Amino acid sequence: MDFPKLLGLRPGVTAVIGSGGKTSLLRRLAEELPGTVLLCTTTHIRPFEEYPLLTAPTPADIRKALTTRRILCLGTPCENSKLTAPSLSVETLATLADYVLVEADGAHGFAAKAHADYEPVVPPEANQTILVFGLSALGQPIADCVHRAELFAARY
């Protein structure tokens, strides 16, 4: 299946928000997209182990790395072996690769979530945003499958 085509992805910055499958979708998109791809976050993610990780690169470092690898992961190390936003701005990253895929939301592993007022953290450079919802939440008790279950229940 050609996910980039189905989702109408265009070169530039794409933010992926929501719950239940964001990281898997990012992996799939990175593999299927043509050209160069940078994977990063505006919140927290685990590094993509299958791709080289650059933690404090200069633009020249990224350009050089993209000559040997088509897909890179960028981020700043933080607690629990996770990454937070890269040291370079998303605006700068967008000038260095064909696609910048940004995980712009967290759901703590839950299939669904209710967004707090400060979420999602979509970079202003994003020319498209994809909302992900884990279908495993369907038919399940809210308390078992929703990040911020109380907020979800109050809103919906």
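Which residues of β7 lie on one side and which on the other, and are they buried or exposed? Tyr99, Leu101 and Glu103 lie on one side, Val100 and Val102 on the other, and all are buried. The points below place this strand in its sheet and then turn to individual residues.

1. Basis of the model. This is a predicted model, in which local features need pLDDT of at least 70, side-chain atom pairs count only at pLDDT 80 or more, and totals for chains, interfaces and linings use all residues. Residues are numbered from 1 along each chain as its sequence is written, and side-chain values use heavy atoms, with hydrogens and water left out.

2. Overall dimensions. For 156 residues, a compact globule would have a radius of gyration near 15 Å, and the 16 Å of the chain agrees with that. The radius is taken over C-alpha atoms, and the globule rule is 2.2 Å times the number of residues to the power 0.38. Along the principal axes, the C-alpha atoms fill a box of roughly 50 × 35 × 25 Å.

3. Surface and contacts. The chain exposes about 8,000 Å², of which carbon and sulfur atoms supply 56%; areas come from the Shrake-Rupley method with a 1.4 Å probe, and for residues only the protein chains shown count as cover. Of the 156 residues, 44% count as buried. Buried means under 20% relative accessible area, exposed means over 50%, and partly exposed is in between (1.4 Å probe, protein chains only). Among contacts with a separation of 6 or more, 73% are between residues 24 or more positions apart; contact means heavy atoms within 4.5 Å.

4. Secondary structure and sheet. The chain has six helices and ten strands. These are DSSP runs numbered from the N terminus: helices are H or I with at least four residues, strands E with at least two. Six strands form an open sheet with parallel pairing, in the order β3-β4-β2-β7-β1-β9. β3 and β9 stand at the edges with a single partner strand each, so one side of each has no neighbour in the sheet. Two strands pair if DSSP finds at least two bridges between them.

5. Strand β7. This strand spans residues 99-103, and five of its five residues are buried. Strand β1 (residues 12-18) runs parallel to β7 and is joined to β7 by five bridges; the bridge partner of Val13 in β7 is Val100. Strand β2 (residues 37-41) also pairs with β7 in the parallel sense, over five bridges, and Val37 stands opposite Tyr99.

6. Strand β9 and Gln128. β1 and β9 pair in the parallel sense over six bridges, with Ala15 opposite Thr129. Gln128 is found in β9 (residues 126-132) and counts as buried at 10% relative accessibility. The side chains of Gln128 and Thr14 are joined by a polar contact of 2.8 Å. A polar contact is a pair of N or O atoms within 3.5 Å; within protein, one must be able to donate a hydrogen and the other to accept it, and residues adjacent in sequence count only if both atoms are side-chain atoms. Leaving aside neighbours within four places in sequence, Gln128 is in contact with Gly8, Leu9, Arg10, Val13, Thr14 and Ala15.

7. Thr55. This residue is in the loop between β3 (53-54) and α3 (59-65) and is partly exposed, with a relative accessible area of 35%. Thr55 and Pro86 are 31 residues apart in sequence, and their C-alpha atoms are 6.9 Å apart in space. Beyond neighbours within four places in sequence, Thr55 is in contact with Gly75, Thr76, Pro77 and Ser87.

8. Val121. The loop between β8 (112-113) and β9 holds Val121, which counts as partly exposed at 33% relative accessibility. Leaving aside neighbours within four places in sequence, Val121 is in contact with Thr42, Thr43 and Ala104.

9. Cysteines. The structure holds zero disulfides, a disulfide being a pair of cysteine sulfur atoms within 2.5 Å. The closest cysteine sulfur to that of Cys73 is in Cys40, at 8.2 Å, too far for a bond. For Cys78, the closest is in Cys73, at 12 Å, also too far. Cys73 is buried, with a relative accessible area of 0%, whereas Cys78 is partly exposed, at 25%.
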